Amino acid sequence: MANTTVLVPEPARPLPGLSINSSQGLLQWISSVDHKQLGIMYLWMALLFMLVGGLEILLVRVQLAVPRNTFLSPEAYNQLFTMHGTTMIFFVAMPALFGFGIYFVPLMIGANEMAFPRLNALSLWLTLFGGSLMYFSFLAGGAPDAGWFNYAPLNQFNYSSSPGVDYYCAGLLLAGIGTITASINLVVTILRYRIPGMRFKDMPVFVWMMLLTACLVLASFPALNAALAMLLLDRQLHAHFFDVTGGGSAVLWQHLFWLFGHPEVYVLILPAFGIFSEIFAVFSRKPVFGYAFIVGSGIAIALLAFGVWVHHMLAVGLGNTVNGFFSASSMLIGIPTGIKIFNWLATMHGGSLRFTVAMRFAIAFLVEFTIGGLSGIAFAIVPIDLQLTDTYFVVAHIHYVFIGGTLFGLFAGLFYWFPKMSGRLLDERLSKWFFWLFVVGFNGTFLVQHVLGTLGMPRRVYTYPDLPGWGLLNMISTAGGFLMGAATLLLVYMLVTAIRRGPLAPADPWDAYTLEWATTSPPTLQNFDRVPPVRSARPWRDHKRPDDADHLKPGKKKGVHGK
Amino acid sequence: MHSPPSIWAQWHASPALLLLVAGLAAAYFGLSGGRWQARGGLYFTALGLLALVEASPLHYLGMHALFSAHMVVHIVVLLLCGPLLVLGLPPALPSTVARRLARFSGWLRGHTWLAWLAGVGIMWGLHVPAVFDASFGGLDAAFGLPALLPVVAMLLAGALFSWPLVGPTAEAHLHPLAGVVYLFSACVGCSLLGLLITFAPADTYQHYARAGWCGTPSLAPDFASNPWGLSLADDQQAAGLIMWVPCCFIYLGGCMYLVAKYFMADEGVAPPPAPPLRGRGAIRPLTLASVRLPSPAGEGPGVGLH
């Protein structure tokens, strides 16, 4: 296939009955089956829910700012922190990651559309309506109030008699089905719709990670969906799956939830790893160091995800035998993740770095995520877990992983791909302001929570006594939270102004490597007419620099030739 | 007080085991034409391991006292010995044997599910409580033949299971990435069984629940005085967990081996390209001169955030 390019087949009927230029405005978006529009709608949805979920937690932080505060009632407090956690995980992080996946996977593999465009739209709307249904519970008598992992027996009718938990089940079931269909779509698209010539080992790392993520979703979400259905049966039809007095098992809920929940952690982090891999490479002007190791450790993480979930239950009392095994296996998880961290460091080493905002978030991620990773390894040690479980140390850990990992990945992806998606450039000065505000606010909020947790402050209590240091640390945490809130508002302002009147973006503003930059910014309805031949993991760069193409220097792909 | 005989002295090689190991060693030299060939070390490592786990105090513990020790033996035989025997087969075989093996590999390639089922099925089958307890029935029989039956079955199943991945005919191997799926799904199958055993009632396996078995009461796991102080429940949990967690790491090791193999495969040999999209027009290769890539912004209506 020397020096050939490949004509990309056009989708048969991309937007049935509606032209992209139609004057139908919103209707055209609502009825769209175009993967780019759906991806963008996923991202808007995530932003909307992020504002709501952020507002909820700011109310919680106000309540916690001073000891013995009476700003929120205990009932309202329970509902707010539950909705915050559930929203951020299921309706912010997941849709945003899938939004990027659905937008960019077809572009990166040289396809014009996802495998099942209508299914794609169904996934989006199921997720949106799942979220809306869950929020409807506020009007229907009370939101879910048993925490985002909704443990039995607290989720049972006699402990949580408002319909909130029912809405939790129904909303997450809907969203879960949407996530599964989106994953099926991604798997089929990646396996079948790569441009001929693109082997698995030529796929961009982001595509690899989305493939692994989708497989993880397919393997893990059934456990959650089954648990939710069982819980609904318990609550509505008086079944006894989790009702101990009726012969059920409360621990069964935990098993089912974490059988889903631990892979979910990797579902949320692997796509972010993919985004970072693209960004480190492009802004270091080097191929990603150790492509095979990044992909291989991704596969290892995906496989290990199912062998460690019991470490969420070390304090349940399953016995020392069980705890010992899962403590050991959980520590091993650090190895593949550590491999990736060193891969990214080595990618930057010797590169000519460009500190764009996307790259700044990527570098901040290395620091923050490592903090979260280390506190995670600490939790794998059973005595530490017994001491710190259900304290603010856990809260700090989960936020260093999910914000320092997933959310920074989303921000990095947003700043990297925004010009491609919108055709506009973001204001660089404001973007840097946003970066610093958010990073400082984030560390201000959560770094001190490590201390609070070690001092013994339990999570999920609506107020606390005036013990030495607690008030001050909580006040710092609240101030940090408001800083993040301000940064988020700034982000919204930046996005809206850039879309309205930002400077036009060129097709390839970062001189990037992968195929999505080979089309216009924003891409036309038909992504590609034709694409350059793919003979390495950096096909667009090969096309731009034919004399220096990667496939001419086989060692280069492994990152050994420097720039 | 009765003091138990030292565990470390419990080496027992049944005649049947010795015959099996000797037979397998003879088979190697029969196949290799009496010569030592490449990777022979793997083959004989497998035989050494087999002899070790079947004759050593570990085996004695497994048969008489600890389910967890028994599980270690199972896993070594099934997941290490079986695959190592296949990996260590002599590369240069007599032509008739090579032809037969190639035919078998080709057939198995079309029936990969059988190999998968052998590997996972033997685990599940042997740990059905009734089957499990029955497998201890013939311990004292002549030559130890009945006791060796499960071992032979596991060796065969392990060899069959690994055949599509590392069998002697490279052309009949699964694609390494398909191999990852193959191993991963098997891992899930075994994890589920391990999970069941871990959380099953402690007397599920009657063999270990019977105290004073085989005249060594102090080794019976429901005696608090056994050397490790393991209760029956702890022991069964440990057995389940060994199948669940470390066993997974063996499969994971296999997956990593396959991934490494895939990425280290010759760069020049490209696998066949992805099939064309069905029903969406032909894909025509074009010369580079005719590449028409879209020019920067402004060309045509865009799908943006507008």
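Of the 306 residues of chain B, 37% are classed as buried, a residue being buried if 20 or more other C-beta atoms, placed from the backbone, lie within 10 Å of its own, exposed if 12 or fewer do, and partly exposed in between. The model is predicted, and local features need pLDDT of at least 70, side-chain atom pairs count only at pLDDT 80 or more, and totals for chains, interfaces and linings use all residues. Residues are numbered from 1 along each chain as its sequence is written, while chains are lettered from A and ligands numbered from 1 in the order in which they are written.

Chain B contains twelve helices and one strand; these elements are DSSP runs numbered from the N terminus, with helices (H or I) of at least four residues and strands (E) of at least two. Along the sequence, the order is α-α-α-α-α-α-α-α-α-α-α-α-β. Of the contacts in chain B between residues at least 6 apart in sequence, 80% join residues at least 24 apart, where a contact requires C-beta atoms, placed from the backbone, within 7 Å.

Within chain B, B:L84 lies in helix α4 (residues 67-87). B:L84 has 24 other C-beta atoms within 10 Å and is therefore buried. When residues up to four places away in sequence are not counted, B:L84 touches B:L42, B:Y43, B:T45 and B:A46. The C-alpha atom of B:L84 is separated by 9.1 Å from that of B:G158, 74 residues apart along the chain.

Helix α11 of chain B (residues 232-244) has 13 residues, and its end C-alpha atoms are 18 Å apart, in agreement with the 18 Å that it should span at 1.5 Å a residue; the expected span is 1.5 Å times one less than the number of residues. Twelve of the 13 residues of α11(B) are buried, so the helix is largely enclosed by the rest of the structure. Among them are B:D234, B:D235, B:Q236, B:Q237 and B:W244. The buried residues of α11(B) pack against α9 of chain A and, in chain B, against α4, α9 (176-199), α10 (206-209) and α12 (246-264).

In chain A, helix α4 (residues 117-136) has 20 residues and reaches 29 Å from its first C-alpha to its last, close to the 28 Å expected at 1.5 Å a residue. Its buried residues include A:P117, A:N120, A:L124, A:L128 and A:M134. The buried residues of α4(A) pack against α2 (35-64), α3 (74-108) and α5 (164-192) of chain A.

Two packed helices are described by the angle between their axes and the distance between the axes. Axes are lines fitted to C-alpha atoms, for helices over the stretch in contact, and angles run from 0 to 180 degrees between N-to-C directions. The axes of α5(A) and helix α6 of chain A (residues 205-237) come within 8 Å and cross at roughly 155 degrees. The two helices α5(A) and α6(A) are therefore roughly antiparallel, angles over 145 degrees counting as roughly antiparallel, under 35 as roughly parallel, 65 to 115 as roughly perpendicular and the rest as oblique. By class, the contact of α5(A) with α6(A) has 22 nonpolar, four polar and two charged residues.

Helix α7 (residues 250-284) and helix α9 (residues 320-348) of chain A pack at about 15 degrees, with their axes 9 Å apart. They are therefore roughly parallel to each other. The contact involves A:F273, A:F276, A:F280, A:A281 and A:S284 of α7(A), with A:K340, A:W344, A:T347 and A:M348 of α9(A). These residues divide into six nonpolar, two polar and one charged; Ala, Val, Leu, Ile, Met, Phe, Trp, Tyr, Cys and Pro count as nonpolar, Asp, Glu, Lys and Arg as charged, and the others, Gly among them, as polar.

Technical notes
Contact = placed C-beta atoms within 7 Å.
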